[in-house]
Each structure stands twice: as structure tokens, then as C-alpha cells.
Amino acid sequence: MALAAGLFLRQSQSLVMTPQLMQSIQLLQMTHVELTQFIEQELEKNPLLEIAASDDGVRDHVPDPDEHFTGGDERVPAERAGADEGFQPDLYDSATADTAGNTSDVFDGGFDNVFPDDAGPRAADAPELLGQWKSMPGGGEDGEGYDLDAFVASRKTLRDVLNEQVPFALSDPIDRLIAQHLIDQLDEAGYLQGSTADTAMRLGKPVPDIERVLARLQELDPPGVFARSLSECLAIQLKALDRLDPAMAALIDNLELLARRDFATLKKLCGVGEEDLLDMLAEIRKLDPKPGTRYETSGAEAVVPDIIVHAAPDGSWHVELNADTLPRVLVNRDYYAAVSSRTGRGSADHGFLNECLQTANWLTRSLDQRARTIMKVASEIVRQQDAFLMNGVDHLRPLNLKTVAEAIKMHESTVSRVTSNKYMLTPRGLFELKYFFTVSIGSAEGGDSHSAESVRHRIRTMIAQESSDSVLSDDDIVDALRKGGVELARRTVAKYREAMNIPSSVQRRREKRAHAKAALS
């Protein structure tokens with residue numbers, strides 16, 4: 001068969017991921033903070049984009065002294081208001097009516113009479129104080145928007161606290177320089193990250209000098225600071241409490257056994273009985289493993305809900321998007337028309353404006369589609385989890401992405417992107433959308449299946465209510481769940497218990513006895 005070149009016409013269809021489509025998918029899974037940062041970047045690049053004002057453009061009206069307010073918005077002069085409303089000046093004393101413009105003299109309410117010493121200087125200082133108030137950050141003509149946080153005293157950091165103690169602990173200037181270098185090597189928990197050998201080589205000093213300064217710094221507050229490991233941190237605190245005996249030293253040198261709860265081996269290494277070991281563990285719990293975190297200055301980031309759910313008057317649930325998380329992006333078409341009229345059609349400026357207009361239109365449509373998609377997914381989740389909103393976590397239904405996707409006729413990947421890092425504020429609290437998706441656990445009586453999260457909640461509740469005399473084993477929990485209509489294997493109960501960081505029944509019994517003994521003492 002001879003090979004020959006030829007031209008053929010073929011028609012085909014394919015799905016191409018354009019940059020705009022890829023960006024729309026990324027917008028869908030962005031959090032509120034990430035979306036705000038992305039919009040700020042687009043505002044810097046695109047002159048046709050602008051942020052709409054948060055208010056509706058209505059400003060508060062400053063009432064005029066000669067105006068009288070009726071029941072509505074219409075404002076009429078005071079003279080007409082008195083005539084229209086049947087104003088009767090006879091109800092007032094004639095002397096008072098004649099001197100209505102000088103009420104302070106009639107009622108003896110002059111400020112000069114009340115504060116005679118402050119009348120003169122205060123009048124002169126008022127303009128200066130007013131100017132200082134307006135010049136402060138956030139100050140304005142009406143005082144609104146004034147930021148009181150600008151006057152809040154800043155919290156001391158760990159380095160500030162240590163720098164205040166170093167002059168009292170070390171008198172030699174060289175030792176203070178070494179101490180300052182060691183302070184700079186502390187992490188947020190108060191642990192020393194660098195080694196003394198590296199510090200000595202960097203400063204050109206002998207290692208014993210560094211060790212001597214470090215030993216002195218370890219005596220500063222908070223106790224446990226400048227430690228190089230968890231064992232050393234606990235040892236420093238126990239030494240300050242005069243409780244670092246050989247048995248306690250052996251315990252903190254074998255913290256890995258304590259983490260595994262190997263109490264039998266610990267009793268042999270420490271040479272103590274069970275009661276003494278429980279007492280030592282109670283003392284360990286009172287120590288601070290991260291002494292530097294008490295001076296942490298980084299503020300906690302508040303989670304802003306994307307969806308708000310509240311009960312409607314007809315007994316249903318009202319789902320709405322949080323207006324604070326919705327970006328108000330507008331396309332300034334007036335600016336586009338004004339600038340494009342001055343540029344030629346084939347010029348580079350005209351092409352740049354057209355590209356900016358297309359990008360701005362695409363962004364506004366993408367943000368609108370993002371809001372609609374989030375609303376659809378949230379509404380379906382609320383419809384599926386109505387029992388949870390009414391009765392609590394025990395009635396949380398099993399739910400997966402496929403069920404929601406089929407209900408709103410979208411792909412599972414889209415639902416997954418929507419539920420990532422999005423939060424819903426409900427009467428039951430603030431939850432991530434992923435919280436409502438849990439696996440199904442069969443029922444012991446053949447009825448409706450149970451949610452894994454509700455089963456974990458039951459296990460956690462049963463263990464929290466147990467006493468030291470009646471500690472539940474995993475088999476007891478299985479029997480209790482079976483009586484409640486939940487069919488669960490023992491190994492699954494153990495897996496859920498370990499995932500919730502709950503120790504075994506033997507370990508819980510020892511700890512509860514230790515707590516009871518400590519409470520009696």
C-alpha cells in the first residue's frame with residue numbers, strides 16, 4: 001500500500017479550559033480573605049473596576065434649629081408647624097414664652113454660674129482641643145468612625161518581658177550582649193532554637209561562658225523559658241518549685257513512655273508505686289509546656305460566616321448570604337466611554353481599554369455566579385439537615401457530595417469547591433460546610449442510618465458522664481449504642497475514641513482516681 005499525503009476536513013468537539021474558566025473555578029473555592037486580596041489586585045491592574053460604597057448613599061440629615069419635625073420625612077418651618085398642629089402657647093407661662101430665646105437665664109442654667117472657674121480658659125482651649133481631636137486617626141467632623149483601638153495599650157511580648165529582667169540578672173555588659181543574642185533565638189513558645197556551640201562560634205566566646213549565661217537566663221520569668229527541649233522545660237519549672245527529685249527527673253527523662261501511657265515501665269524506672277506515680281503525673285499536668293505563648297501578641301482571626309441561617313416566621317429556614325463577605329465590584333462604564341472616545345480605534349490604548357472592559361465584565365459575572373452557586377449548595381444543605389437545626393447534633397443525617405450535587409444538578413467537584421473553607425452561621429452555632437457531610441452508619445433495627453458525627457458525639461457524651469467507679473469499656477459502649485439503635489463494631493468504637501484523643505478505659509480509670517484523690521487532698 002502506497003503512502004500519500006492528503007487534506008481531509010474533520011469536525012470535532014472538545015472542552016478547553018480557558019484562563020477565564022480556570023480563574024472562575026479558583027474564585028469558587030477562595031475564602032473571603034483570599035477573594036478580597038484577589039479583588040484588590042485586580043483593582044490595581046484594571047482602571048475600570050471600582051468598589052461600590054457600603055452605604056446606600058443616604059446621609060444623616062443635620063436638623064436645623066428653625067425646622068420642626070412632623071411624623072414623616074417632610075420638614076416644615078417651626079412657625080407653620082405650630083399653626084398646623086394646633087400649637088397653644090397659652091399652655092405655657094407668658095414669661096417663659098416671652099423669654100424662650102433665653103432659657104438659660106430663666107432656669108438659672110448658665111454654665112458660668114455652675115463652673116465659674118472653668119468658664120474663661122475652657123472657651124479659649126476649645127478650638128485647640130477640637131483640632132487635636134480631628135487630627136487624631138479616625139477622628140472626623142461628627143466623631144464617627146473613631147478608632148478607640150488606637151489608644152489601647154499594646155501587650156508586652158516575651159522579648160519585652162525578658163529584656164526588662166536581663167539588667168537585674170546580669171551585670172557584665174558582655175554577658176548582657178550574649179543574653180540579647182540568646183533572646184533573639186527564642187521561638188514563640190519560649191524555646192531556644194540555636195545551640196550554644198553555634199552561638200559561641202558566632203560571638204567568639206568560649207562555650208562555658210554561653211552555658212553560664214544561659215543557666216542564668218533560665219531562672220527568669222516565665223519559668224521554663226530558654227529550654228532546649230520539653231524535658232528541660234519541665235525540669236526548669238520543677239526545679240523552681242523544688243520538686244526535681246530523682247524520681248521526677250527519671251519521669252521527665254522518659255516522656256515518650258508517658259505519651260504511650262506505659263505506666264508499668266515508668267514505675268520501674270522511677271522506683272515508685274502506682275499512687276506516687278499518679279501524684280507525679282498530677283504535678284506534671286500543672287506545668288506549662290509552652291511558657292512563651294502567654295505573651296503571644298498575634299490576635300486570633302475571627303471566622304466570618306459566608307451564609308447565615310435563621311428561622312423564618314412560617315417555621316421554615318431563611319438562608320441568605322452574608323453581606324459583609326459579598327464583594328461589591330462595579331464596572332465604571334462612564335470612565336470607559338470618556339477615555340475611549342479620545343483614543344483611536346487601532347491604538348494600543350484603545351486595545352488596553354477593551355481588554356480591561358472584558359476582564360471587568362468577566363469578573364463581575366464570575367462573582368455573581370459564585371454567589372448563586374454558594375446559595376444553591378447552602379440551601380440544599382439546610383434542607384437536608386433540617387433535623388440537625390431543630391434538635392441538635394444527635395439528629396445529624398448522613399450526607400455526601402453526590403446527594404447535594406444531584407439535587408442542585410451540578411458536578412460533585414463544584415460542590416466540593418463550594419464547601420471548602422466556607423462557614424455557615426446557624427442557630428446551633430458556626431459550622432464549616434464540610435461538617436454537614438458525614439459517612440453513614442447502619443441502624444441496628446433496620447431503620448434510618450446514622451451519621452458518623454452524631455455517633456462520635458454519643459460516644460463522647462457517654463465517656464464524659466462516666467465516673468471513676470463505672471468506667472465504660474469499648475464493649476460497654478458498643479452495647480449502649482446497640483440499645484440506642486446504632487450497629488457499630490468494637491474496633492470502630494476504638495478507632496473513633498482514638499481519633500477523639502480519648503484514652504482507654506484502664507487509663508481513664510487511673511486518671512479519674514488520681515483526680516478524685518487530688519480533689520480530696
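This report walks through a few spots in a predicted model, from its surface to a pair of packed helices.

## A buried glutamine

Next comes glutamine 165, in helix H8 (residues 158-169). Because its relative accessibility is 18%, and buried means under 20%, glutamine 165 counts as buried.

Which residues does this side of the story bring in? Leaving aside residues up to four places away in sequence, glutamine 165 touches Leu220 and Asp221.

## Two helices that cross

Two packed helices are described by the angle between their axes and the distance between the axes. Here, helix H23 (residues 474-483) packs with helix H24 (residues 490-499) at an angle of about 105°, and their axes are 9 Å apart. That angle makes H23 roughly perpendicular to H24.

Where the helices meet, H23 contributes Asp474, Asp475, Ile477, Val478 and Leu481, while H24 contributes Arg490, Val493, Ala494 and Arg497.

## Alanine 499 in helix H24

Helix H24 also holds alanine 499. With 65% relative accessibility, alanine 499 counts as exposed, because exposed means over 50%.

Alanine 499 and arginine 456 are 43 residues apart along the chain, and their C-alpha atoms are separated by 9.6 Å.

Methods. Residues are numbered from 1 along each chain as its sequence is written. This is a predicted model: local features need pLDDT of at least 70, side-chain atom pairs count only at pLDDT 80 or more; totals for chains, interfaces and linings use all residues. Side-chain values use heavy atoms; hydrogens and water are left out. Axes are lines fitted to C-alpha atoms, for helices over the stretch in contact, and angles run from 0 to 180 degrees between N-to-C directions. Helices (H or I, at least four residues) and strands (E, at least two) are DSSP runs, numbered from the N terminus. Angles under 35 degrees count as roughly parallel, over 145 as roughly antiparallel, 65 to 115 as roughly perpendicular and the rest as oblique. Contact means heavy atoms within 4.5 Å. Buried means under 20% relative accessible area, exposed over 50%, partly exposed in between (1.4 Å probe, protein chains only).
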